[in-house]
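Reader: I have a structure open and some quick questions. Can we go through it piece by piece?

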Amino acid sequence: MNVDIHNSWKQYLEPEFEKPYFKNLVQFVKSEYKNTQCFPPGKEIFNAFESCPFNDLKVVIIGQDPYHNYNQANGLCFSVNDGIAHPPSLINIFKEIETDLGIAYPKSGNLERWAKQGVFLLNATLTVRAHEAASHQKRGWETFTDAVIKTISSNKENVVFLLWGGFAKKKTKLIDSSKHHILTSGHPSPLSANRSYWFENKHFSKTNAILKHKNLNTIIW
């Protein structure tokens, strides 16, 4: 596993790469990718860091696990490659954007267009075994991604954190709410969304209102 991240992240994260837990994680992931089918492709494991430079980061969305079926995961949470059918959570994200902002439902589920605007799309676990949800949890990824969230909180200001669902909401304790903005709601998965915990949260217009108030460029969702 090559730790391929944008240079802007390296000064903050290189100390993590030297810690024993991370070295053990690297060995585990290398073994998994060698002996089983895993996602995303190896070169895309750190795509969130490569697509959204630290200096440009304005918004953070936290997911849990990569998609575990073929050709879906591309290293950005909730995102799928061009031409791939949109998974249920992503469909509900786009539906909420449609009603919140009046934007037409997009053809592509590839969210790299968000990342390029400063939306950091972080899964808590960056790899998964094919067709086995949560198979790479509790191997060290969460320790690393928690450190990433703390790093963002400590070294930046006025970041908008979008925490969807119980798992993401637990990350609130890692964020300094006195200098950042935290928006929470239910998860966009059908189970949560259909109970009205997701729809009408207006997180996309609220995020842009915060950015505009801080004289930052808004996101073209």
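Reader: Is strand S3 mostly covered or mostly open?
Author: Strand S3, residues 119–123, is mostly covered: five of its five residues are buried. Buried means under 20% relative accessible area, exposed over 50%, partly exposed in between, with a 1.4 Å probe and protein chains only. Strands (E, at least two residues) and helices (H or I, at least four) are DSSP runs, numbered from the N terminus.

Reader: Where does this model come from?
Author: This is a predicted model; local features need pLDDT of at least 70, side-chain atom pairs count only at pLDDT 80 or more, and totals for chains, interfaces and linings use all residues. Residues are numbered from 1 along each chain as its sequence is written, and side-chain values use heavy atoms, with hydrogens and water left out.

Reader: Back to S3. Which residues point which way?
Author: Val 119, Leu 121 and Asn 123 point one way, and Phe 120 and Leu 122 the other. In a regular strand the side chains alternate between the two faces of the sheet.

Reader: Which strand is joined to S3?
Author: Strand S2, residues 59–63, is joined to S3 by five bridges, and the two run parallel. Strands pair if DSSP finds at least two bridges between them. Val 60 stands opposite Phe 120 in S3.

Reader: What does Ala 48 touch?
Author: Leaving aside neighbours within four places in sequence, Ala 48 is in contact with Gly 75, Leu 76, Phe 120 and Leu 121. Contact means heavy atoms within 4.5 Å. The C-alpha atoms of Ala 48 and Leu 121 are separated by 5.7 Å, though the two residues are 73 apart along the chain.

Reader: And why does Ala 48 count as buried?
Author: Because its relative accessibility is 3%. Ala 48 is found in helix H3, residues 47–51.

Reader: New topic. How do H4 and H9 cross?
Author: The axes of H4 (residues 88–101) and H9 (residues 203–213) come within 8 Å and cross at roughly 60°. Axes are lines fitted to C-alpha atoms, for helices over the stretch in contact, and angles run from 0 to 180 degrees between N-to-C directions. H4 and H9 are therefore oblique to each other. Under 35 degrees is roughly parallel, over 145 roughly antiparallel, 65 to 115 roughly perpendicular, and the rest oblique.

Reader: Which residues meet there?
Author: Ile 93, Glu 96, Ile 97, Asp 100 and Leu 101 in H4 meet His 203, Phe 204 and Ser 205 in H9.
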